[in-house]
Amino acid sequence: MPVLRMGEHWLFFTMNYYQRSRAYYREICLSGVDDHDGVSDIIKCSGFSTYPEEEYSVIIETIRYFPHQFDVIYDMGCGSGLLLNYIENHIGYPLKLYGVDFVEESIMLANKSFPNYSFICKNVVDYKFPLNLPDKCLIMIDPYHYREDDFEKLILYYLQLDINIIIYTYSDVLSGLSYKTIFDFELFKKHKASFCIINNSINTAILTT
Ligand SMILES: C[S@@+](CC[C@H](N)C(=O)[O-])C[C@H]1O[C@@H](n2cnc3c(N)ncnc32)[C@H](O)[C@@H]1O
């Protein structure tokens, strides 16, 4: 975890779960900005030390397993918008791309880097979809970022709206939690995924209505 400045320590411990998480990711995003070590700000702002090509390619494969094309894709916790950009470059059909992230600096960098996508600065837990949502909507979401009860409510909310969902996480997250696969997250003990792909570097489950 990045070192917080001394005066901020007391504040950190009075914060709730999402305030702490936001402070953590904000620090990561800001720590990338002034360094000149050959890794671009846009990669570091999303919390990566190298471009996660392998993981992104698995997400593209996963999107292709759906029997239809999508009109709209959302990345919940989009960071600097890198994953959305990878999707645009590899999916092979036109899409509206949206990203939601609660770190203002990440959203500013995302807007600057990818002005054609729509970015929303908000805690995903509080984000409500517009009423005129197109039929073929896909969201991608990592359970690691949410409290278990919130994550389950979010997924049920998305399913109620007929939104297709890819639940994914990164292998370093799994090893940090001593989980073998994404199915070790609490949600999957209660609800069965209708389809899943297990891969060495990224674990992906698809829940559909
Ligand atoms: C590892 S980065 C992933 C970025 C992007 N999804 C990708 O795969 O390239 C995780 C991002 O999730 C965001 N995040 C975590 N919890 C969030 C929440 N509750 N609401 C909104 N954004 C959140 C962080 O700010 C961070 O930018």
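A residue counts as buried here if 20 or more other C-beta atoms lie within 10 Å of its own, and as exposed if there are 12 or fewer. Keep in mind that this is a predicted model.

Let's take helix 4 with that in hand. The buried residues of this helix are E55, I59, T62 and I63. They cover an arc of only 100° around the axis, so they sit on the same side of helix 4. Turned away from that buried side is a face with the exposed residues E53, R64 and Y65. An α-helix has 3.6 residues a turn, so residues three or four places apart point the same way. As for length, the 13 residues of helix 4 (residues 53-65) should span 18 Å at 1.5 Å a residue, and the end C-alpha atoms are 19 Å apart, which agrees.

Now the ligand. It is surrounded by 20 residues, the closest being Y25, G77, G79, F102 and H145. Two or more residues of the shell come from each of helix 2 (17-33), helix 5 (82-91) and strand 2 (96-101). Helix 2 gives the most, with 3 residues. Sorted by class, the shell has 10 nonpolar, 8 polar and 2 charged residues. Both domain 1 (6-45) and domain 2 (53-207) give residues to the shell, so the ligand lies between them.

| Residue | Phi | Loop between |
|---|---|---|
| D162 | about 65° | helix 7 (148-160) and strand 5 (164-170) |

D162 is exposed, with 12 other C-beta atoms within 10 Å. S178 counts as exposed too, with 7 C-beta neighbours inside 10 Å.

Methods
Residues are numbered from 1 along each chain as its sequence is written. This is a predicted model: local features need pLDDT of at least 70, side-chain atom pairs count only at pLDDT 80 or more; totals for chains, interfaces and linings use all residues. A residue is near a molecule or strand if its C-beta atom, placed from the backbone, lies within 6 Å of it. Helices (H or I, at least four residues) and strands (E, at least two) are DSSP runs, numbered from the N terminus. Ala, Val, Leu, Ile, Met, Phe, Trp, Tyr, Cys and Pro count as nonpolar, Asp, Glu, Lys and Arg as charged, and the others, Gly among them, as polar. Domain bounds come from an automatic or database domain assignment. The expected span of a helix is 1.5 Å times one less than its number of residues. The arc is that of the directions from the helix axis to the C-beta atoms.
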